[in-house]
Amino acid sequence: MFPKPNQNHKLPGSYRSISLLSNIAKLYEKILLKRLNDYYNKNNIIPNEQFGFRTSHSCTQQLLRVANKIVDGFKAKLFTGAQIARKFAASRAGQNKTGPGAKLICGALKLIS
């Protein structure tokens with residue numbers, strides 16, 4: 001790691017990483033990655049639910065997808081994981097056995113419902 005000029009050397013982001021690959025190996029890696037991605041996308045090998053390490057698929061989009069599934073489950077009167085957690089937390093609250101976990105679940109469920 002080489003420090004960047006005129007940066008605070010105590011911060012991790014102030015350093016440049018070292019790559020031990022040759023330029024030809026880096027070029028080969030990019031070409032191979034592009035071909036593999038094209039092949040996987042063309043043949044629908046990777047499911048749409050896979051968001052990790054894919055272009056145009058971020059963690060934020062995955063969280064929105066899951067939140068939409070939960071809301072759709074609420075509207076369709078289906079039992080979702082959030083509804084089960086809410087019933088579990090409510091039953092624990094009725095038994096006066098609420099702990100920080102049950103309070104946390106109830107607080108999170110109030111945000112999404």
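The chain has an accessible surface of about 9900 Å², and carbon and sulfur atoms account for 61% of it; such areas come from the Shrake-Rupley method with a 1.4 Å probe, and for residues only the protein chains shown count as cover. This is a predicted model, in which local features need pLDDT of at least 70, side-chain atom pairs count only at pLDDT 80 or more, and totals for chains, interfaces and linings use all residues. Residues are numbered from 1 along each chain as its sequence is written, and side-chain values use heavy atoms, leaving out hydrogens and water.

**Overall layout**
- You will find 4 helices and 2 strands here, taken as DSSP runs numbered from the N terminus (helices H or I, at least four residues; strands E, at least two).
- Along the sequence, these elements follow the pattern β-β-α-α-α-α.
- Of the 113 residues, 11% count as buried (buried is under 20% relative accessible area, exposed over 50%, partly exposed in between).

**Surface patch**
- Phe-2, Ile-18 and Leu-20 make up a nonpolar surface patch with about 390 Å² of accessible area together; patch residues have over 30% relative accessible area and no salt bridge, with nonpolar side chains (Val, Leu, Ile, Met, Phe, Trp, Tyr) joined within 5 Å and like charges within 9 Å.
- Phe-2 belongs to strand β1 (residues 2-3) and is exposed, at 52% relative accessible area.

**Salt bridge**
- The structure holds 1 salt bridge, meaning a side-chain nitrogen of Lys or Arg within 4 Å of a carboxyl oxygen of Asp or Glu.
- Lys-34 and Asp-38 form a salt bridge through their side chains, at 3.2 Å from N to O.
- Both Lys-34 and Asp-38 sit in helix α1 (residues 23-42), 4 residues apart, or about one turn of the helix.
- Asp-38 is partly exposed, with a relative accessible area of 40%.

Key
Buried < 20%, exposed > 50% of the residue type's maximum accessible area, 1.4 Å probe, protein only.
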